[in-house]
Amino acid sequence: MEGRPAVRELTVLYDAHCGLCRRFKDWLAAQHPAPDGYGGVVRLRFVAAGSTDARTLYPALDHDATLRDVTVIADDGSVYVGDRAWIVCLWATGEHRHTAVRLASPAMRPVARAIVQAAAGLRRMSGGDYADGCDGQCDREG
């Protein structure tokens, strides 16, 4: 990644109507930030997916899709979705960066995908309905 600027900020688009997503956001916000490699830290900004703010900041995104999958946008323009988004969120934390690096390896990516699918499955109530009106697309592999 030589010659590439350090990521200094990540914007996490999360489903503000989902209890699990809000808990993840709160947990992530409480973590100690990781160094950015230039004497600063990786800052996290949280924006409700599908909101007016999200649509204004990122007009090119599929905002319906951001409600199904956690989506992270880096200040260098990179967009991370699904398991990649979860991994980059962990990477932004001081304590969990090593875990993110491991999960990003080809051998561990299936594990990362399975973890994300399991977390998405927690959004379901018995009978397959979603407690928060989610359409259930986030627990499908893709």
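## About the model

The model is predicted, so local features need pLDDT of at least 70 and side-chain atom pairs count only at pLDDT 80 or more, while totals for chains, interfaces and linings use all residues. Residues are numbered from 1 along each chain as its sequence is written, and side-chain values use heavy atoms, with hydrogens and water left out.

## Helix α1 and its cover

Let's start with helix α1, residues 19-29, where Gly19, Cys21, Phe24 and Leu28 are buried. Buried means under 20% relative accessible area, exposed over 50%, and partly exposed in between (1.4 Å probe, protein chains only). Helices (H or I, at least four residues) and strands (E, at least two) are DSSP runs, numbered from the N terminus. The cover over the buried residues of α1 includes β1 (9-14), β2 (43-48) and α4 (83-91), with contact meaning heavy atoms within 4.5 Å.

## The ring cluster

The whole structure holds 2 aromatic pairs. Phe24 and Trp27 are stacked, at 6.3 Å centre to centre with 20 degrees between the planes. Rings of Phe, Tyr and Trp (its six-membered ring) pair if their centres lie within 6.5 Å; planes under 30 degrees apart count as stacked, over 60 as edge-to-face and the rest as tilted.

Phe24 has a relative accessible area of 13%, and Trp27 is partly exposed at 34%. Phe24 also forms a tilted pair with Trp86, at 4.3 Å and 35 degrees. That pair links distant parts of the chain, helix α1 and helix α4, 62 residues apart. Together, ring pairs join Phe24, Trp27 and Trp86 into a cluster.
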